[in-house]
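Below are my notes on the model you sent, as numbered points.

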Amino acid sequence: MKKSPVTTIVAIGIGAALFFVLGRFVAIPSPVPNTNISTQYGLLAFMAALFGPVAGILIGLIGHALIDFSYGWGIWWSWVIASAVFGGLVGFLCGKLKLDDGEFGTKGIISFNIFQVIGHIIAWGVIAPVLDILMYAEPANKVFLQGLVGGIANIVTTAIIGTILCYAYAASRPKKGSLSKEA
Amino acid sequence: MNSVFCYIDRPSPIHDLTGATKLTCLLLWSFAAMMTYDTRFLAFLPVFSFLLFAFSKIRLKDVSFMIGFTMVFMILNNLLIFLFSPQHGVSLYGTCHELFSLGGRYVVTLEQLFYHLNLVLKYLSTIPIVLLFICTTNPSEFAASLNRIGVKYTVAYSVSLALRYIPDIQREYHEISQAQQARGIEMSKKETLFKRLKSASAILIPLILSSMDRIETISNAMQLRGFGKNKKRTWYMGRPFRTADILSIIVCALLLATAVFLNIRNGSRFWNPFS
């Protein structure tokens with residue numbers, strides 16, 4: 001099903017609002033003190049897989065920028081851009097998943113997870129730390145470790161929440177070709 | 001929405017500036033603060049922004065929560081940097097003035113302390129101006145200003161939709177979360193991490209599936225009204241520029257120009273008092 005550009009615009013708006021609410025208010029306490037597990041990347045991967053790379057980039061960009069704004073520390077551009085890159089990559093790679101046709105079997109689950117791991121590795125292992133060094137002149141070993149820890153946590157949450165979301169959404173859609181003409 | 005973004009409607013010269021002006025100034029200012037590590041310039045910005053704060057009639061207690069939050073973040077970040085790279089300042093400035101040792105590789109140097117001073121100043125020069133922007137810009141005007149500074153109006157409209165639906169989605173999240181908790185899901189520390197993630201999904205699935213319906217309803221309504229047909233659109237909250245707007249943009253552009261000039265004159269992003 002081809003989506004109209006208006007649907008994509010609305011999806012970006014609602015997606016960014018969801019990203020914001022999840023990132024700001026749905027904090028799951030983790031074993032490490034003062035660190036919460038961010039559930040919003042599961043949502044971002046799901047929305048990107050459904051609405052494509054442009055939606056993925058903009059949901060990540062707008063949602064993350066709004067979270068930073070609401071905390072009042074200004075926009076931490078390097079991490080905002082990393083979120084956008086992750087959304088874009090997942091949207092680009094997952095273009096072949098047909099969630100709208102109710103298809104999300106074992107093959108879909110495996111490829112979705114491979115793509116999201118690639119997206120997270122590039123976003124948090126490369127983009128975020130490199131931009132941190134270039135923009136804020138922070139020490140390399142600190143930013144790479146931060147990226148590594150954040151990236152691994154995001155991979156785990158995306159694997160669980162993103163997969164469940166894709167599965168639930170696909171199950172709620174009528175299967176393509178599920179209706180047949182009676183003879 | 002106001003509770004999240006703390007827009008405070010209190011007439012002042014800063015409130016009178018258009019949203020587009022404030023957004024342009026914010027961008028120019030934060031690029032200026034981001035680019036240079038010239039301590040003299042970074043020390044000037046906080047003073048200037050506190051002056052603006054006084055102008056805007058925003059009181060300290062209006063923003064004390066956000067300031068507290070950011071301070072914690074700033075201290076943690078500084079500690080982390082020292083923990084991971086206690087000699088970062090030495091490698092940046094190229095000299096080494098040892099002060100005292102904390103054992104092992106943790107030798108406190110003048111260069112490291114100076115680097116941390118720069119970092120703190122960097123926070124102090126951006127935080128007040130961001131708070132000022134958030135507190136004095138009406139969220140409804142924000143989308144109009146994005147469009148004004150050259151962002152495509154469809155994208156600006158997405159931002160406006162996001163701001164509009166954040167309170168709705170927040171409310172829906174609380175309703176679903178309470179309904180699911182009444183059915184016995186557990187999200188506190190008593191459960192294992194995996195169980196907690198699974199219970200988060202039990203809340204997220206209804207929330208996101210109902211949001212998908214919402215997307216369809218809104219986009220149908222917008223299509224019926226012919227959204228996206230024309231190349232331009234007008235904004236209810238858009239306002240024309242006035243002299244004060246143009247003046248503020250010029251001042252902020254000068255700040256950015258100063259930052260660029262200092263970077264060129266210092267030969268790098270760092271101002272080095274040690275050499």
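**Notes on chain B**

1. Burial. The model is a predicted one. In chain B, 36% of the 275 residues count as buried.

2. Secondary structure. Chain B holds eleven helices and two strands. Their order along the sequence is α-α-α-α-α-α-β-β-α-α-α-α-α. The radius of gyration is 24 Å, well over the 19 Å that the globule rule gives for 275 residues, so chain B is more spread out than a compact globule.

3. Extent and contacts. Along the principal axes, the C-alpha atoms of chain B fill a box of roughly 65 × 60 × 35 Å. Of the contacts in chain B with a separation of 6 or more, 78% are between residues 24 or more positions apart.

4. Contact between the domains. Six residues of domain 1 of chain B touch five residues of domain 2 of chain B. On the domain 1 side, helix H3 (residues 19–35) of chain B gives the most, with four residues. That side of domain 1 of chain B has three nonpolar, three polar and no charged residues.

5. Contact with chain A. Here 53 residues of chain B meet 47 residues of chain A. On the chain B side, the elements that give two or more residues are H1 (2–5), H3, H5 (64–84), H7 (110–136), H9 (153–182) and H10 (193–224) of chain B. H10(B) gives the most to this side, with 16 residues. By class, the chain B side has 36 nonpolar, 13 polar and four charged residues.

6. H3 against H7. The axes of H3(B) and H7(B) are 10 Å apart and the packing angle is about 170°. Angles over 145 degrees count as roughly antiparallel, and H3(B) and H7(B) are therefore roughly antiparallel to each other.

7. Residues in that packing. From H3(B), the contact takes B:Lys22, B:Leu26, B:Trp29, B:Ser30 and B:Ala33. H7(B) meets them with B:Lys122, B:Ser125, B:Thr126, B:Ile129, B:Val130, B:Phe133 and B:Thr136. By class, the contact of H3(B) with H7(B) has six nonpolar, four polar and two charged residues.

Methods
Residues are numbered from 1 along each chain as its sequence is written. Chains are lettered from A and ligands numbered from 1 in the order in which they are written. This is a predicted model: local features need pLDDT of at least 70, side-chain atom pairs count only at pLDDT 80 or more; totals for chains, interfaces and linings use all residues. The radius of gyration is taken over C-alpha atoms; the globule rule is 2.2 Å times the number of residues to the power 0.38. A residue is buried if 20 or more other C-beta atoms lie within 10 Å of its own, exposed if 12 or fewer, and partly exposed in between; C-beta atoms are placed from the backbone. Two residues are in contact if their C-beta atoms, placed from the backbone, lie within 7 Å. Ala, Val, Leu, Ile, Met, Phe, Trp, Tyr, Cys and Pro count as nonpolar, Asp, Glu, Lys and Arg as charged, and the others, Gly among them, as polar. Axes are lines fitted to C-alpha atoms, for helices over the stretch in contact, and angles run from 0 to 180 degrees between N-to-C directions. Angles under 35 degrees count as roughly parallel, over 145 as roughly antiparallel, 65 to 115 as roughly perpendicular and the rest as oblique.
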